[in-house]
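Hi there,

Here is the structure I promised to pass on. Please have a look, and then read on for my notes below.

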Amino acid sequence: MREVLGKTASEQVMVEAVLNSKFDVQKALDFVLAQDSKQNVKTKNEEAVTTGKTTKGKPRDSQSTRIDSKIVPKVTKMTVSGKKQAMGFEVPSVIAEENGHSANTPQKRPSSEDSSVTSGVVELGSKSALPSQTIQIPEEQSTVPTPVKKSSKTRQQIDVKAELEKRQGGKQLLNLVVIGHVDAGKSTLVGHLLYLLGNVNKRTMHKYEQESKKAGKASFAYAWVLDETGEERERGVTMDVGMTKFETKTKVITLMDAPGHKDFIPNMITGAAQADVAVLVVDASRGEFEAGFETGGQTREHGLLVRSLGVTQLAVAVNKMDQVNWQQERFQEITSKLGQFLKQAGFKESDVAYIPTSGLGGENLVTSCQSSELTEWYKGKCLLEQIDSFKPPQRSVDKPFRLCVSDVFKDQGSGFCVTGKIEAGYIQTGDRLLAMPPNETCTAKGITLHDEPVDWAAAGDHVSLTLTGMDIIKINVGCIFCGLKEPIKACTRFRARVLIFNIDVPITKGFPVLLHYQTVSEPATIRRLLSILHKSTGEVTKKKPKVLTKGQNALIELQTQRPVALELYKDFKELGRFMLRYSGSTIAAGVVTEIKE
């Protein structure tokens with residue numbers, strides 16, 4: 001058989017033929033040749049109408065194939081070019097962008113348009129006269145000027161930049177953290193603000209009021225808006241960072257209510273590390289402000305912490321002013337004391353605003369206070385207007401993708417979810433990601449922003465990612481997700497420039513500390529004291545010091561027990577900052593200068 005047929009028939013076809021004809025060579029040859037002629041007819045048709053897909057379910061009797069073969073040659077170009085278009089779903093949406101439509105249409109819609117275009121072309125081809133077909137061709141070809149891959153790449157670029165501006169009707173995104181001493185009234189202030197803005201409905205509020213009365217904590221009703229766990233409500237203190245969102249005239253605010261109690265400062269650092277701006281709440285009542293502000297109070301520590309974590313704009317809400325009858329003297333006393341301290345901490349005076357408020361009464365939160373005691377001497381903004389006037393920071397959308405994990409949980413479906421703030425770059429559904437330090441890859445199956453599923457998200461967004469292709473055990477809070485092309489480095493040893501705060505015990509070589517970095521808290525030791533630096537110029541004033549005392553600026557080498565994923569401060573400001581704590585108090589703030597191993 002091979003001699004007769006040569007290489008025209010495949011081995012498989014011959015074997016089948018021989019078996020079917022019960023080893024009769026003549027019959028087998030006839031069978032193969034007959035099949036071959038059928039195949040020829042088929043291939044001709046296939047050239048014409050690509051594998052019958054385009055002739056959606058048309059009967060394939062010999063008559064129609066004959067008719068097809070007559071008409072087809074003219075249609076071939078068209079269907080093929082139509083097919084090309086169907087392959088690249090990106091193309092139509094790019095055109096839509098050029099026409100000025102919103103490019104936020106989901107990916108699915110173009111594909112359906114596409115199929116209708118191709119099927120339309122085929123029907124045209126079969127029904128109408130030839131001239132119309134020839135007119136159709138150049139249009140089809142002109143819509144595919146570039147290879148599909150390139151267009152999808154440029155589309156992503158345009159997409160994220162243009163979309164960022166379009167999103168939320170031109171409203172900018174801002175991450176805000178509320179900080180202050182324990183019992184300064186942070187949660188009540190924020191809860192009342194949300195209630196006045198209509199983010200909490202009256203029925204829920206009424207329920208909280210009834211429940212808090214039952215529990216004997218009637219004044220805590222507004223605080224319960226964000227303090228949701230039983231323990232937080234029972235103890236009357238915030239323990240974890242409560243998160244929610246609300247809108248002002250020009251901004252969409254992601255609000256984080258941080259705990260004030262000094263036992264929960266690690267949680268507060270996690271909240272502050274994700275914020276762009278802060279509201280510092282202080283208690284105006286006699287004795288309370290002093291308790292929070294003097295040594296051991298959290299007002300100072302929180303102020304230093306947010307500044308060290310890169311927050312530059314601050315609104316100081318002088319709360320509980322109704323308890324001192326809105327006295328101007330008390331307000332000025334507090335602002336002058338705080339002003340000096342915040343200036344030392346590194347805030348510019350122009351970036352700090354002071355606002356007298358009452359969280360429980362709801363005065364001066366959303367609208368200017370009508371109370372004559374206050375309007376006599378205070379003509380400034382209310383809290384909401386002040387928050388609205390904050391300048392949003394530059395987002396590093398052009399840098400490689402980085403996301404710090406602040407929570408990990410199991411999803412209902414397959415895979416699991418991580419939440420966190422995107423520090424840099426952008427992400428689209430279906431992107432491959434690398435998690436460091438575990439060094440595992442996975443796929444982002446879904447992205448959720450403010451409880452709504454989205455196709456993409458960029459720097460500054462707080463998102464939940466649904467991930468697949470990876471074990472949940474490998475991921476813990478503090479991991480960093482990055483793109484595969486430009487991964488983040490993981491190390492156990494690095495050098496840093498630190499500023500020592502007010503400390504009682506001088507720091508020596510081998511000093512144990514807790515390293516707080518973004519959402520990570522990791523035990524570490526100070527391995528070497530390299531040099532003491534001049535505060536303003538950064539010149540080395542002393543090499544290899546034996547000890548470091550308060551207020552000094554120094555270069556040190558740190559060693560952690562487990563690897564942490566870090567960036568150099570000069571490359572990524574957000575990911576180069578960290579805090580050092582020791583026995584319940586913050587002893588230093590630092591920036592990463594060199595990654596060792």
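Ser187 counts as buried, because its relative accessibility is 7%, below the 20% cut-off for that label. Please keep in mind that this is a predicted model. Ser187 sits in helix α9, which runs over residues 186–196. What is Ser187 in contact with, once its neighbours within four places in sequence are left aside? The partners are Tyr222, Ala223, Asp227, Thr238 and Asp257.

Helix α10 covers residues 202–214, 13 residues in total. From first C-alpha to last, α10 reaches 18 Å, close to the 18 Å expected at 1.5 Å a residue. Met205, Tyr208 and Ser212 are buried in α10. They lie on the same side of α10 because the arc they cover around the axis is only 60 degrees. Lys202, Arg203, Lys213 and Lys214 are exposed on the other side of α10. Just after this helix, Gly216 has a positive phi of about 75 degrees.

Now for the nonpolar cores. The largest one has 72 residues, and Val279, Val306 and Val316 have the most contacts inside it. Beyond its neighbours within four places in sequence, Val279 is in contact with Leu176, Val177, Val178, Ile179, Ala315, Ala317, Leu383 and Ile387. There is also a second, separate core of 38 residues, with Cys482, Ile503, Leu548 and Phe572 among them.

How values were computed: Residues are numbered from 1 along each chain as its sequence is written. This is a predicted model: local features need pLDDT of at least 70, side-chain atom pairs count only at pLDDT 80 or more; totals for chains, interfaces and linings use all residues. Side-chain values use heavy atoms; hydrogens and water are left out. A nonpolar core is a set of buried Ala, Val, Leu, Ile, Met, Phe, Trp, Tyr and Cys residues joined through side-chain atoms within 4.5 Å. Buried means under 20% relative accessible area, exposed over 50%, partly exposed in between (1.4 Å probe, protein chains only). Contact means heavy atoms within 4.5 Å. Helices (H or I, at least four residues) and strands (E, at least two) are DSSP runs, numbered from the N terminus. The expected span of a helix is 1.5 Å times one less than its number of residues. The arc is that of the directions from the helix axis to the C-beta atoms.
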